[in-house]
Amino acid sequence: MKKWTALRYDVSKMLAGAGLQRVKIEGLTLELTVELDDAAYAKLAKDPVWIQKMTDKANAKLRPALDRLIQKVKQADQKAMNFDAKTADIFTKDIDTTARAEMAEAGKQMAAEVDRLFEDYKKGQKELLKFRVKSGAKITMNGVAIVGAVAVAGATHGALAPASIVAIARSGIVIAQEVAKWATSADQIAVLIKGELKALGTFMSTNMANADVKKKIKQGAKEIGLGALSAVLGAEIPNLKNCRGHIEVHKVDISKLEKESHQLAGLIHGTYDEQAKWQAKVEKYKASLKEAKLLAAKAAAKTAAKILDHLIQSTIAINEAIERAKVRQEKFEEAINAMSEGLPGWIGYVQTAITVVVDVGLAVGGATTAIEQGLGALIAVEIDVGSELVDKV
């Protein structure tokens with residue numbers, strides 16, 4: 001039996017993007033474990049369709065629980081400025097209990113959903129009928145921390161910066177790294193697919209030229225396809241199944257890349273709102289600020305605005321790269337389908353697919369590096385602004 005950690009959710013990272021200022025839930029993760037026979041694991045762990053369906057089912061069960069937890073934590077976060085030590089302790093324990101309960105229930109529902117999915121999925125697949133699955137969930141959590149007004153007053157200038165911007169920026173750095181990872185993965189699989197399509201095209205051209213094969217296949221409106229060649233030759237076409245599988249994996253990689261990119265874009269746009277609030281604060285207190293402090297605060301705010309503009313341009317570059325990856329996916333699918341079905345002009349589809357440019361990882365990698373650097377600089381700038389308005393926070 002194989003015990004497989006099929007999915008792992010970093011719930012603390014998800015919460016970090018909710019704009020929390022004073023409540024932190026450290027090290028909260030939820031893992032979906034699936035226990036099944038080695039043979040079933042070998043098939044399912046490499047099946048992109050199964051993995052995508054499992055992920056979708058699990059996400060659907062997690063989302064409501066996560067939304068409830070976010071609402072609970074946000075309520076405490078809004079009140080936390082006025083907490084004394086005793087009140088903070090009470091709310092800390094309450095959030096701890098709620099977080100564990102919500103994730104435990106979500107894990108239970110996710111496990112049941114995956115078990116049902118397996119039973120449905122194995123129908124019609126003889127090699128899976130004899131197998132059983134047992135899913136479960138594992139929760140880890142380091143603890144909850146609430147930073148109230150008293151703690152903030154004695155902290156460093158870093159804590160006096162707009163905490164929501166700092167939290168957003170830190171989350172953005174993590175997501176930017178995920179974006180780069182999936183872009184690189186998509187490019188790696190694309191290179192493999194191009195090689196497989198080229199080999200399959202050569203195989204098909206060689207065997208279509210064989211007179212004996214042409215005699216055995218009744219030629220119609222379509223040309224000879226890989227399926228017909230396979231039947232006539234009495235052997236499975238080399239790498240056809242692998243190539244289709246890799247094209248599906250490429251599609252999944254792009255989907256994950258796009259999802260992370262949307263989250264990143266949302267976080268970056270969120271910093272605009274927080275930055276506007278901070279600039280408004282500068283304007284509000286400018287009459288009571290010494291000229292040196294006012295000039296320093298305005299200069300820092302101006303620098304932050306420039307950084308934000310640069311971040312948006314980098315995000316646009318990522319989205320443009322994702323669109324190119326989608327086109328690449330379409331070309332791969334068109335090529336493999338044309339060869340398999342024997343569509344007229346199949347060789348043109350293949351030629352187009354094997355000449356597509358593999359540059360998504362490079363483009364996204366450069367953009368995410370710029371975003372990481374920009375978000376890091378934004379944190380530093382916001383700390384500078386906070387230090388100038390330390391007595392106005």
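Arg 328 has a relative accessible area of 2%, so Arg 328 counts as buried, the limit being under 20%. The model in which this value was computed is a predicted one. Arg 328 lies in helix α12.

**Around Arg 328**

Which residues are in contact with Arg 328, leaving aside its neighbours within four places in sequence? They are Ala 186, Asp 187, Ala 190, His 250, Val 356, Val 357, Val 358, Asp 359 and Val 360. With one of these, Asp 187, the side chain of Arg 328 makes a polar contact at 2.9 Å. The side chains of Asp 187 and Arg 328 also meet in a salt bridge, with 2.9 Å from N to O. This pair links distant parts of the chain: Asp 187 belongs to helix α8 (residues 163-208) and Arg 328 to helix α12 (residues 291-341), and the two are 141 residues apart. Asp 187 is itself buried, with a relative accessible area of 10%.

**Salt bridges**

How many salt bridges does a search of the whole structure find? The search finds 14.

| Pair | N to O distance |
|---|---|
| Arg 100 and Asp 96 | 2.7 Å |
| Asp 187 and Arg 328 | 2.9 Å |
| Asp 359 and Arg 324 | 3.5 Å |

Arg 100 is partly exposed, at 35% relative accessibility.

The side chains of Asp 359 and Arg 324 form another salt bridge. Here too distant parts of the chain are linked: Asp 359 is in the loop between α13 (346-354) and α14 (360-388), while Arg 324 is in helix α12, 35 residues apart from it. Is Asp 359 buried or partly exposed? Asp 359 is partly exposed, with a relative accessible area of 23%. Arg 324 is partly exposed as well, at 37%. Asp 359 is also among the residues in contact with Arg 328.

Salt bridges can also join into a network, as they do in linking Lys 57, Glu 113 and Arg 116.

**Nonpolar cores**

The largest nonpolar core has 38 residues, and those with the most contacts inside it are Val 11, Trp 50 and Met 54. Two or more residues of this core come from each of β1 (2-10), α1 (11-16), β2 (23-26), β3 (29-36), α2 (38-44), α3 (48-79) and α4.

What does Val 11 touch, not counting residues up to four places away in sequence? Val 11 touches Leu 28, Thr 29, Leu 30, Leu 66, Leu 69 and Met 103.

**Ile 168**

Helix α8 also holds Ile 168. Ile 168 counts as buried, at 9% relative accessibility. Its C-alpha atom is separated by 8.9 Å from that of Leu 375, although Ile 168 and Leu 375 are 207 residues apart along the chain.

Note on methods: Residues are numbered from 1 along each chain as its sequence is written. This is a predicted model: local features need pLDDT of at least 70, side-chain atom pairs count only at pLDDT 80 or more; totals for chains, interfaces and linings use all residues. Side-chain values use heavy atoms; hydrogens and water are left out. A salt bridge is a side-chain nitrogen of Lys or Arg within 4 Å of a carboxyl oxygen of Asp or Glu. Buried means under 20% relative accessible area, exposed over 50%, partly exposed in between (1.4 Å probe, protein chains only). Helices (H or I, at least four residues) and strands (E, at least two) are DSSP runs, numbered from the N terminus. A nonpolar core is a set of buried Ala, Val, Leu, Ile, Met, Phe, Trp, Tyr and Cys residues joined through side-chain atoms within 4.5 Å. Contact means heavy atoms within 4.5 Å. A polar contact is a pair of N or O atoms within 3.5 Å; within protein, one must be able to donate a hydrogen and the other to accept it, and residues adjacent in sequence count only if both atoms are side-chain atoms.
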